[in-house]
Amino acid sequence: MTVSTSTLRILEPAPHILAFYDGRINGTRLHADGPNWLDDGAYTLGVASYVVYDGDEALVFDTHISVAHARAIRAELDRREIRSIRVVLSHFHRDHVAGSGIFTDCEILASGKTAQVLEDNRASFADTTPSIDPLIMPTTTFEGVMTLQVGDIDVELRPLDIHSFDGLVAYLPNSRTLLAGDTLEDTVTYVAEPDRLHIHIEELDRLATWDIQSILPNHGDPVRIANGGYDRSFISATRTYLQKLLDCRSQPELAVLGLREFVADDLTIGALVYLDTYENVHRHNVQAVLAGQ
């Protein structure tokens, strides 16, 4: 079954940056009526892949939720007469690597951790619904920070152990822009590694020391993204949320709160944008953290 891209929007949050955004459309499903990771996760919550471009060069940050979406990215780059394309994988989760089959002729960069876990999950990704097959492996792996140039734009690929142990973000020092992957998510992060939240909080503290002006997450509000992204309060809001999740273990009155009440302060100041479908994510997060006591 071919996934539709009829609701895909191309946003331009900043000069030389494109956001290929899809989802957050009530009553719409792309793959199937039955349960599947694409519709019930990424599409429901909204998902973006980013492109940094200058001249005829581009860096694609994540390959989107399907081959069809990746094909749409390449079509837009072709329309703009961009011929030199490199790809970065922010981490190994399915909604970031599903379109990799469209980039077989490109250099694909990832951390060594991401490359290994993708190899370990190749069979399970092929068996998932919808299937990710082929899954194209990274052609260039590295540890630590890698610095690239896209035309005249400097890009630093920096590891961040937030949300996923293999997290990688792209920092553009000239504009002080952060392509955050899933390290930051609005309304709240999906807790994939509940036993490692203390590490994620420490890494958020490290992230807070960076010189950042705007933040573009893979999962966030499309209007906020189109208008240039989030400010630094997004980092502190995420840290507050993770700490409050841990506090649920000793303060059971927190565990019964709905999402809107749980993050009320950060909604009030505009650090976060409320989306009701994240109530399910929040319930999952609370249950995951309590189960790990």
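What does arginine 206 count as, and at what relative accessibility?

Modeller: The model is a predicted one, in which local features need pLDDT of at least 70 and side-chain atom pairs count only at pLDDT 80 or more, while totals for chains, interfaces and linings use all residues. Residues are numbered from 1 along each chain as its sequence is written, and side-chain values use heavy atoms, with hydrogens and water left out.

Arginine 206 has a relative accessibility of 34% and therefore counts as partly exposed, the class between buried (under 20% relative accessible area) and exposed (over 50%), with a 1.4 Å probe and protein chains only. Its partner is glutamate 203, and the two side chains meet in a salt bridge with an N to O distance of 2.9 Å; the term requires a side-chain nitrogen of Lys or Arg within 4 Å of a carboxyl oxygen of Asp or Glu. Both residues belong to helix α6, where three residues, about one turn of the helix, separate them; helices (H or I, at least four residues) and strands (E, at least two) are DSSP runs, numbered from the N terminus. The two partners fall into separate classes of accessibility: glutamate 203, at 15%, counts as buried, whereas arginine 206, at 34%, is partly exposed. Elsewhere, salt bridges with shared partners join Glu12, Glu76, Arg79 and Arg80 into one network.

Glutamate 12 has a relative accessible area of 49% and so is partly exposed. Arginine 80 also counts as partly exposed, at 25% relative accessibility.

Strand β1 (residues 9–14) also takes part in a link to strand β2 (residues 17–22). Here aspartate 22 pairs with arginine 9 in a salt bridge whose closest N and O atoms are 4.0 Å apart. The partners are 13 residues apart and again join distant parts of the chain, with aspartate 22 in strand β2 and arginine 9 in strand β1. Aspartate 22 counts as buried because its relative accessibility is 0%, whereas arginine 9, with a relative accessible area of 26%, is partly exposed. The structure holds 14 salt bridges, among them the pairs described above.

When neighbours within four places in sequence are left aside, glutamate 279 is in contact (heavy atoms within 4.5 Å) with Gly258, Leu259, Arg260 and Tyr274.
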